[in-house]
Amino acid sequence: MDQTDQTDQTDQTDLTEQADHGRVLTERAVAAVREDPGRQVLDYHRFAGPWVEGALRPRPELTAFPSGHPLPPSLRTWLAYDSGMLARHDWFDEDGALAPRTLGEIAVEEYGEPWGSCFEPFSERFGECFLLPGGSDSRRVLSVGPHGERDGLGEYPVFALDVDDLPYAVLMYPGFDVYLAETAGVLPPDDRPGYDSLKHDPRYARRMLAHARARLGGAYDLLCLP
């Protein structure tokens, strides 16, 4: 398979127009935010700020990451509405272009040393990374992957980073669509234990497995110790 088009086609049931996936799910999240754009993104972490701060800043012209890999449908749908929340989490450079970081760079910035540098040796397998609001001690990171590995909906996974006891990267969401919908309150939080609990959700298990196979050899977490 051409490494520039690494979309997983395993067990291809069309989820494109289903309410709990992809663009349609993202549109539901956007609708929820429109109802109260000034509410806090995270009710437990005020530093994440509101969903929309000031005037809307849509960026519908953005279609690809700097690597050339396409933006997922969910991210394009969100950016057509606003880019401000992502800008506050350092997604763009001073000229407004997308500015990915490595996993190690994000970890060092968020955790400092010695924990931050534990993630750096594993940066290559995560490719372009972008920080998302979420977690108290943990962090949320959208990972494009070294070859743009995507699931059948064209979505890239979101990982949780945690340094409680040991430094881990854990597959948490099968895409920005599910991350956004849960954060916006469209989907209730999964109450099963573990960051990777969505692997048990019948709606998302196949997508989670596709990312686990593509990124972590079938595992759902990675111990980041050099």
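**Exercise 1. The sheet**

State how many bridges join strand 1 to strand 2 (residues 139-143), and whether the two run parallel or antiparallel.

Solution. 
Step 1. Four bridges join strand 1 to strand 2, and the two run antiparallel. The model is predicted: local features need pLDDT of at least 70 and side-chain atom pairs pLDDT 80 or more, while totals for chains, interfaces and linings use all residues. Numbering starts from 1 along each chain as its sequence is written, and side-chain values use heavy atoms, without hydrogens and water.
Step 2. Strands (E, at least two residues) and helices (H or I, at least four) are DSSP runs numbered from the N terminus; two strands pair when DSSP finds at least two bridges between them.
Step 3. For angles in general, axes are lines fitted to C-alpha atoms (for helices, over the stretch in contact), and values run from 0 to 180 degrees between N-to-C directions.
Step 4. Contact here means heavy atoms within 4.5 Å.

**Exercise 2. Strand 4 and its neighbours**

Determine how many of the six residues of strand 4 (residues 168-173) are buried, and which residues face F159 and Y168.

Solution. 
Step 1. Five of the six residues of strand 4 are buried (under 20% relative accessible area; exposed is over 50%, partly exposed in between; 1.4 Å probe, protein chains only). Strand 4 is therefore largely enclosed by the rest of the structure.
Step 2. On one side, strand 3 (residues 158-162) is joined to strand 4 by five bridges, antiparallel. F159 has L171 of strand 4 as its bridge partner.
Step 3. Toward strand 5 (residues 221-223), strand 4 has three bridges, again in an antiparallel arrangement. Y168 stands opposite L223 of strand 5.
Step 4. Strand 3 and strand 4 form a hairpin with five residues between them. D165, in the turn, has a positive phi of about 80 degrees although it is not a glycine. D165 is exposed, with a relative accessible area of 63%.

**Exercise 3. Helix 5 and its partners**

Describe how helix 5 (residues 176-183) packs against helix 1 (residues 22-35) and against helix 2 (residues 73-81).

Solution. 
Step 1. Two packed helices are described by the angle between their axes and the distance between the axes.
Step 2. The axes of helix 1 and helix 5 come within 9 Å and cross at roughly 25 degrees. The two are therefore roughly parallel (under 35 degrees; over 145 is roughly antiparallel, 65 to 115 roughly perpendicular, the rest oblique).
Step 3. Helix 1 contributes G22, L25, T26 and A29 to the contact, and helix 5 contributes D177, V178, L180 and A181. By class, these residues are five nonpolar, two polar and one charged. Ala, Val, Leu, Ile, Met, Phe, Trp, Tyr, Cys and Pro count as nonpolar, Asp, Glu, Lys and Arg as charged, and the others, Gly among them, as polar.
Step 4. Helix 2 and helix 5 pack at about 50 degrees with their axes 8 Å apart, so they are oblique to each other.
Step 5. S74, L75 and W78 of helix 2 meet F176, D177 and L180 of helix 5. This contact divides into four nonpolar, one polar and one charged residue.
Step 6. Helix 5 is mostly covered, with eight of its eight residues buried. Among them are the charged residues D177 and E182.
Step 7. After helix 5 comes G185, with a positive phi near 90 degrees.

**Exercise 4. Loop residues**

Solution. 
Step 1. At 32% relative accessibility, R192 is partly exposed. Leaving out residues up to four places away in sequence, R192 touches S197, H200 and D201.
Step 2. The peptide bond from E113 to P114 is cis, with omega near 5 degrees.
Step 3. D90 is not a glycine, yet has a positive phi of about 65 degrees; at 46% relative accessibility, D90 is partly exposed.
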